[in-house]
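Welcome, and thanks for taking a look at this one.

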Amino acid sequence: MALKDEIKSIIKKQGWTLTDVANEMTKITGKKYYCAYLSRRINNEIINYKEMKILCKIIGCKINIEFEE
């Protein structure tokens, strides 16, 4: 599954819409996030780490980075 599909699937499973996530991101950051802007960043897989951390906080998920041994 592509990263964009995974992100959108997780958002939906957590009971959120992209519009709701964009509105919450606006509240948290003070920067206006539009649904279309957030969708484009996810679809083009150019969402940055800071935005992903905020998105995950909103929908109740964590980012986990593991090192290979």
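Contact here means heavy atoms within 4.5 Å. With that cut-off, and leaving out residues up to four places away in sequence, Met-25 touches Gly-30, Lys-31, Tyr-33, Leu-38, Glu-51, Ile-54 and Ile-58. Please keep in mind that this is a predicted model.

**Helix α2 with helix α4**

- Helix α2 covers residues 18-29 and helix α4 covers residues 49-59; their axes come within 10 Å and cross at roughly 110°.
- Angles of 65 to 115 degrees count as roughly perpendicular, and α2 and α4 are therefore roughly perpendicular to each other.
- The crossing in which α2 passes α4 is right-handed.
- On the α2 side, the contact is made by Val-21, Glu-24, Met-25, Ile-28 and Thr-29, while α4 brings Glu-51, Ile-54, Leu-55, Ile-58 and Ile-59.
- Sorted by class, the contact of α2 with α4 has seven nonpolar residues, one polar residue and two charged residues.

**Helix α2 with helix α3**

- The axes of α2 and α3 come within 8 Å, and they cross at roughly 105°.
- That angle makes α2 roughly perpendicular to α3.
- Leu-18, Thr-19, Val-21, Ala-22 and Met-25 of α2 make this contact with Cys-35, Leu-38, Ser-39 and Ile-42 of α3.
- How many residues of each class does the contact of α2 with α3 have? There are seven nonpolar and two polar residues, and no charged ones.

**Helix α1 with helix α3**

- Helix α1 (residues 3-13) packs against helix α3 (residues 35-43) at an angle of about 135°, and their axes are 8 Å apart.
- This makes α1 oblique to α3.
- From α1, the residues Lys-4, Ile-7, Lys-8 and Ile-11 meet Ser-39, Ile-42 and Asn-43 in α3.
- The contact of α1 with α3 divides into three nonpolar, two polar and two charged residues.

- Met-25 sits in helix α2 and counts as buried, at 0% relative accessibility.
- Met-25 is listed in the contact of α2 with α4 and also in the contact of α2 with α3.
- From C-alpha to C-alpha, Met-25 and Asp-5 are 20 Å apart in space and 20 residues apart in sequence.
- Ser-39 belongs to helix α3. Is Ser-39 buried or exposed? Its relative accessible area is 16%, and buried means under 20%, so Ser-39 is buried.
- Setting aside neighbours within four places in sequence, Ser-39 is in contact with Lys-8 and Leu-18.

- Thr-26 is part of helix α2; with a relative accessible area of 18%, Thr-26 is buried.
- The side chain of Thr-26 reaches the backbone oxygen of Lys-31 at 3.4 Å.
- Not counting residues up to four places away in sequence, Thr-26 touches Lys-31, Lys-32 and Tyr-33.
- Thr-29 is also placed in helix α2, but Thr-29 counts as partly exposed at 33% relative accessibility.
- What lies 2.7 Å from a polar atom of the Thr-29 side chain? That is the backbone oxygen of Met-25.
- The backbone nitrogen of Lys-31 lies 3.0 Å from a polar atom of the side chain of Thr-29.
- Thr-29 and Glu-51 are 22 residues apart in sequence, with 9.6 Å between their C-alpha atoms.

**Two loop residues**

- Thr-17 is found in the loop between α1 and α2, where Thr-17 is partly exposed with a relative accessible area of 40%.
- The C-alpha atoms of Thr-17 and Glu-6 are separated by 14 Å, and these residues are eleven apart along the chain.
- Glu-45 lies in the loop between α3 and α4 and is partly exposed, with a relative accessible area of 41%.
- If you check backbone torsions, look at Glu-45: its phi is positive, about 55°, although Glu-45 is not a glycine.

Conventions:
Residues are numbered from 1 along each chain as its sequence is written. This is a predicted model: local features need pLDDT of at least 70, side-chain atom pairs count only at pLDDT 80 or more; totals for chains, interfaces and linings use all residues. Side-chain values use heavy atoms; hydrogens and water are left out. Axes are lines fitted to C-alpha atoms, for helices over the stretch in contact, and angles run from 0 to 180 degrees between N-to-C directions. Helices (H or I, at least four residues) and strands (E, at least two) are DSSP runs, numbered from the N terminus. Angles under 35 degrees count as roughly parallel, over 145 as roughly antiparallel, 65 to 115 as roughly perpendicular and the rest as oblique. A crossing is left-handed if the near helix is turned anticlockwise from the far one by less than a right angle, and right-handed if clockwise. Ala, Val, Leu, Ile, Met, Phe, Trp, Tyr, Cys and Pro count as nonpolar, Asp, Glu, Lys and Arg as charged, and the others, Gly among them, as polar. Buried means under 20% relative accessible area, exposed over 50%, partly exposed in between (1.4 Å probe, protein chains only). A polar contact is a pair of N or O atoms within 3.5 Å; within protein, one must be able to donate a hydrogen and the other to accept it, and residues adjacent in sequence count only if both atoms are side-chain atoms.
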